Amino acid sequence: MLDAGDLVHPDRRRLVAPLFRTVTVTGLFLDGPHPVSPATMKDVNSIVVLTGAGISAESGVATFRGPDGLWEGHRVEDVCTPEAFVRNAALVQRFYDERRARLAEVKPNPAHLALARLDREWPGQLLIVTQNVDDLHERAGARRLLHMHGELTSAWCLACDGRFRWHQPLGDGPACPECGVAGKMRPDIVWFGEIPYGMAEIEAAVEEADLFISIGTSGAVYPAAGLVRLARHMGARTLELNLDPSEGSHLFDESRLGRAGELVPAFVDELLGSANAA
Ligand code: NAD
Ligand code: ZN
C-alpha cells in the first residue's frame, strides 16, 4: 500500500520545489523580431531543440490535451500527479502500462528522423530536450537527448531509489531487480508538482544557445514553456514549429505553422545547408 511518504525517497527531495527561476525579460523585441532564415543562421553554433507531444502525433501517439481536454480519456489530475498515485495507484499504473505497451505499435516519423540526422551531422553544440515520455527520438537515432519529464521505459523503485530500463507492466507490483522489494516501483515520469530532470544542464545549454527551436508543444506546461524567455533573454534566435500558435507564440522570432513531419525535415535541411555553406 502506498502512502505519501512513498512518493519520494528521503535522500532525493524531488517533490514540490520552486519552479524554474524567474527570468526578467526586458527590452524584448525592441529591435523587432529576427526571422530565422539561412542568412541569420550562418553564425549559429549552439542549438537547443525543445520538443513536445505534437512531434509524436503523426506517429499515432495522442497529444496531451485532445479536443476533449483529456489525455487518452483521462483528466490530468487523475493520472499526472503524485496525489493521484496515492489515491489510486492501480489506475495510474494501468494508464502508464497502456502507454508503455503502445510504444511497440508506433514508430518514429520524419520529424524524429530529421532531428536524429541533425544530431548526427550538426558540427556544433546541440541538445534535444524532450517533454515526451515516449522513446521515439532515441529510436530514430538521436543521442544528444534529454528526457526532462522522464520516460515510459524507465521505472523508479521507491524502496531503494534505483532507476531501471523497463518494458513490462508495473501494475502487477513486480519486485525491484536491485533490492528485491515488490510493489514499490512507479513510472519514472515527472508529474505535476515534481521537478523535471536535468534542469541545470538544460538551463546551461539554453544560456549558451544561438538558436532555440520549439516543436510540437502547446507552451502550457512549465518550466519547459518558460525556456523560450530565457533563450530570448540570452540573445538566441527563437523559432517555433507547431500545428497551431502555442500559448507563448509571441515570444518567438518566427513561427512556422504546419505538421511537424513536414516542417522539421525542411528546417533541418536549411540548417545543415547553412552549416555546409559556412
Ligand atoms: P500538448 O498536447 O499540450 O501540445 C501539443 C502541441 O502540438 C499543440 O500545440 C498542437 O497544436 C501541436 N501539434 C499537434 N499535432 C501536431 C503535428 N502533427 N505537428 C506539429 N505540431 C502538432 O503537449 P506538450 O506541450 O508536450 O505538453 C504535454 C505534456 O504531456 C508533456 O509534459 C509530456 O510529458 C506529456 N505527454 C507526452 C506524450 C508523449 O510522450 N508523446 C504524449 C502526451 C503527453
Ligand atoms: Zn529497489
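Of the 27 residues around ligand 1 (those with a heavy atom within 4 Å of it), Gln131, His149, Thr217, Ser218 and Asp244 come nearest. The model is a predicted one, in which local features need pLDDT of at least 70 and side-chain atom pairs count only at pLDDT 80 or more, whereas totals for chains, interfaces and linings use all residues. Residues are numbered from 1 along each chain as its sequence is written, chains are lettered from A and ligands numbered from 1 in the order in which they are written, and side-chain values use heavy atoms, with hydrogens and water left out.

By class, the shell around ligand 1 comprises 10 nonpolar, 12 polar and five charged residues, where Ala, Val, Leu, Ile, Met, Phe, Trp, Tyr, Cys and Pro count as nonpolar, Asp, Glu, Lys and Arg as charged, and the others, Gly among them, as polar. Helix 2 (residues 54-57) supplies the largest share of this shell, three residues; helices are DSSP runs of H or I with at least four residues, and strands are E runs of at least two, both numbered from the N terminus.

An oxygen atom of ligand 1 lies 2.7 Å from a polar backbone atom of Phe64, while nitrogen atoms of the ligand are placed 3.2 Å from a polar backbone atom of Leu243 and 2.8 Å from a backbone N or O atom of Ala260. Taken alone, ligand 1 exposes 860 Å², of which the protein buries 91%, with accessible areas computed by the Shrake-Rupley method with a 1.4 Å probe.

How values were computed:
Polar contact = N/O pair within 3.5 Å; in protein donor to acceptor, adjacent residues only side chain to side chain.
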